[in-house]
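Dear colleague,

Please find below the sequence and structure that I am handing over to you. My findings follow directly after.

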Amino acid sequence: MSSLPTPSNKRRRRVLAIDDEPAMTEWLKMVIEADGYEVRTALIGTRGEEIFKQWRPDVVVTDLMLPDLDGIALLRRLKEIDAAPEVIIISGQGTLARAVEAGQAGAFFFLEKPVSQDGLMDLIRRAIEQTQARAEHKQMKEQIRGQYSFANIIGQSKKMKDLFELVESVAASDANILIQGENGTGKELIANAIHYNSNRVKGPFIKINCAAIPKDLIESELFGYKKGAFTGANTDKIGLFEMAESGSLLLDEIGEMPSYLQTKLLRVLQEREYRPIGSDRLVHVDFRLICATNIDLEVALREGKLREDLYFRINTITLRVAPLRERTEDIPLLCNHFLSKFNERYQKNVRSISPAAYHLLIRNRWAGNVRELENAIERAVLVCKTGEIQPGDLPESIREEGSPAQEFTVPPHRTLAEIEKMAILQTLQRTNWNKQEAAQILGLYRPTLYSKMKKHEIQDQRAQQRAAAAQAATTR
Ligand SMILES: Nc1ncnc2c1ncn2[C@@H]1O[C@H](COP(=O)(O)OP(=O)(O)OP(=O)(O)O)[C@@H](O)[C@H]1O
Ligand SMILES: [Mg+2]
């Protein structure tokens, strides 16, 4: 019994052959079909064009001299209908000048008669490869744009896709937006996406990081001042509120804003106008406010560090950016993104990441989130000696965290509370009592760590040592 041909859902590649000589179209049909392609023929250009529209061939082979139409004119018409299929033009001898013209019109190749079977088939194969490569490239670009990234923010996890959708739907409104997320999760990228997808895109996007500038300077930065308003005010200064006119204003680390300024900010947002420091000039407010924070503002509220009325003003819409460890499926995609970024920057050719290195990347805690991953890949690209990143190319902290010696084993017969206490204590010891770092590793906000330390009666040993040393010094 003869075996059945393997079924294939891939359609056979199609070639359209146009020539006014029936003997030539017959020959073309025969040799091209012999190579497994599907072939249709036409004796005049307009008929060829009709078949092209309905049948959508992958490649067209046409004579230059057709009874109704010049081959190059036909090529132009076909390219207008669909530029993807490649067109090969066959002509009599001595038409070199027209070859240049054909090339400019987008022909794949200009072939002079007599045509050899091998030469023709080789060309058709190359033309098809080219069409296919272009289609794949286009599809990849669309996928990256549509599914995996939004305004250069990479992510295919459900959490990120939901976030992209939310950003898209709220960007156009003028609502105040609060972006919450741990360090390095991409809050600023999200803020950019909001501004650049909003109606205010033509206006400025002004950013201020309340944690990065001295607290007593934030006010004059935001409000601006009049010359002579205080010592040192040698010229008028335009404030950021005013600079953001018709655009957006990002207040980063809003949780760090001193309380008296929170009151002033609230008043500006309510009244939509204010006066620069020491000035009578009334400035009208016309910006969209975006705030970002990496601390839990609800805790800051409870602890009285954030005014409640301000909180409700700024978070008309809250966007939460998930920590990287909660969306590990984004790690490979982010790695590829950073690989190409740093290959290009450092003129390297690191193409992949070994399975062992991936294993470490996936199981790492990423307290510093995407920024930490980006730094790790940058370093790995720089030190990598082969084309593939190995565990040894990764920072030590990542390798250590993955090694079994550091693994936490739950001791038997302990309550959950006891285990929690041990986990907190060990993490604090490992971080040398750096509470910010320990809180990040444990996935807690700092104030929550403090309250858990209090609950479990964990004393800051480093602070105790310091106090003891200070006492020893005074009693000496
Ligand atoms: N989804 C992502 N796709 C690509 N790059 C990302 C993504 N998220 C973060 N990054 C990169 O990680 C770095 C940190 O991002 P960003 O500054 O937006 O984070 P952040 O949350 O504002 O950090 P911080 O809390 O320190 O202010 C940047 O270099 C950014 O380009
Ligand atoms: Mg930021």
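**Helix packing, ligand contacts and backbone geometry**

The crossing of helices α8 and α10 is left-handed. Please note that the model is a predicted one. Helix α8 covers residues 215–223 and helix α10 residues 259–271; they pack at an angle of about 15°, and their axes are 10 Å apart. That angle makes α8 roughly parallel to α10, since angles under 35 degrees count as such. On the α8 side, the contact is made by Lys-215, Ile-218, Glu-219 and Phe-223, and on the α10 side by Tyr-260, Leu-261, Lys-264 and Val-268. By class, these contact residues divide into five nonpolar and three charged, with no polar residue.

The crossing of α6 and α7 is right-handed. Helix α6 contributes Leu-163, Val-167 and Ala-171 to the contact, while α7 contributes Ile-190, Ala-193 and Ile-194. The contact of α6 with α7 holds six nonpolar residues, no polar and no charged.

The next pair is helix α2 (residues 45–55) and helix α3 (residues 71–81). Their axes come within 11 Å and cross at roughly 15°; α2 and α3 are therefore roughly parallel to each other. The crossing of α2 and α3 is right-handed. In α2, the residues Gly-45, Thr-46, Glu-49, Phe-52 and Lys-53 meet Leu-74, Arg-77, Leu-78 and Ile-81 of α3. The residues of this contact comprise four nonpolar, two polar and three charged.

I turn now to the ligand. Which residues are the closest to ligand 1? Of the 17 residues that surround ligand 1, the closest are Ile-154, Gly-184, Lys-187, Arg-371 and Glu-374. A polar backbone atom of Ile-154 is 2.9 Å from a nitrogen atom of ligand 1. Two further distances involve oxygen atoms of the ligand and the protein backbone:

- Thr-185: a polar backbone atom is 3.3 Å from an oxygen atom of ligand 1.
- Leu-189: a polar backbone atom is 3.2 Å from an oxygen atom of ligand 1.

Two points of backbone geometry also deserve mention. Most residues other than glycine have a negative phi, and most peptide bonds are trans. In this model, a cis peptide bond joins Lys-113 and Pro-114, with omega at about 0°. Pro-114 lies in the loop that runs between β5 (109–112) and α5 (117–148). Glu-253, although not a glycine, has a positive phi of about 55°. Glu-253 is located in the loop between β12 (247–252) and α10, and α10 is the helix that packs with α8.

With kind regards

Definitions and conventions:
Residues numbered from 1 in each chain as written. Chains lettered and ligands numbered in written order. Predicted model: local features only at pLDDT ≥ 70, side-chain atom pairs only at ≥ 80, totals over all residues. Heavy atoms only, no water. Axes fitted to C-alpha atoms, helices over the stretch in contact; angles between N-to-C directions. Helix = DSSP H or I, 4+ residues; strand = E, 2+ residues; numbered from the N terminus. Parallel < 35°, antiparallel > 145°, perpendicular 65-115°, else oblique. Left-handed = near helix turned anticlockwise from the far one by under 90°. Contact = heavy atoms within 4.5 Å. Nonpolar A, V, L, I, M, F, W, Y, C, P; charged D, E, K, R; others polar. Near = heavy atom within 4 Å. Polar contact = N/O pair within 3.5 Å; in protein donor to acceptor, adjacent residues only side chain to side chain.
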